[in-house]
Amino acid sequence: FPCFSAMRRAERQLQAIRAGLPRQVPRVESTSRAVVACLLRDSGVHGGLETFFILRASRPGQESARWAGQVAFPGGHVERGESDHDAVAR
């Protein structure tokens with residue numbers, strides 16, 4: 001099945017990415033921060049994966065907003081005193 005070979009290739013790629021990532025990433029302090037999450041889950045179909053995206057709001061008169069109407073990973077601005085995990089979960 002072509003799906004299984006693609007999944008094996010994707011699993012190898014994920015393992016290579018994980019191997020190159022540090023266990024903890026230093027937190028950058030600044031006046032403005034944002035976080036995103038890449039959420040994956042088993043699709044239940046031949047070992048495939050599903051990726052979760054959001055559709056950013058687009059209201060009349062808001063077309064000029066920078067990210068209005070775009071597809072994106074979930075996440076957003078980190079409030080002062082808030083953890084990255086709490087911000088992305090919000």
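1. Leu14, Arg18, Cys38 and Leu40 line the largest pocket, a pocket being an open set of points on a 1 Å grid over the protein atoms alone, where a 1.4 Å probe fits, with protein on both sides within 12 Å along at least five of seven lines, and lining residues having an atom within 4 Å of a point. This pocket holds about 240 Å³ of space, the space filled by probe spheres set on the points.

2. The model is predicted, so that local features need pLDDT of at least 70 and side-chain atom pairs count only at pLDDT 80 or more, whereas totals for chains, interfaces and linings use all residues. Residues are numbered from 1 along each chain as its sequence is written, and side-chain values use heavy atoms, with hydrogens and water left out.

3. In the protein chain there are two helices and six strands, taken as DSSP runs (helices H or I, at least four residues; strands E, at least two), and along the sequence they follow the pattern α-β-β-β-β-β-β-α.

4. Of the 90 residues in the protein chain, 11% are buried (under 20% relative accessible area, with exposed over 50% and partly exposed in between, for a 1.4 Å probe and protein chains only).

5. Phe53 sits in the loop between β3 (49-51) and β4 (54-55) and is partly exposed, at a relative accessible area of 43%.

6. His46 lies in the loop between β2 (40-42) and β3 and is partly exposed at 45% relative accessibility. Its C-alpha atom is separated by 8.8 Å from that of Met7, 39 residues apart along the chain.
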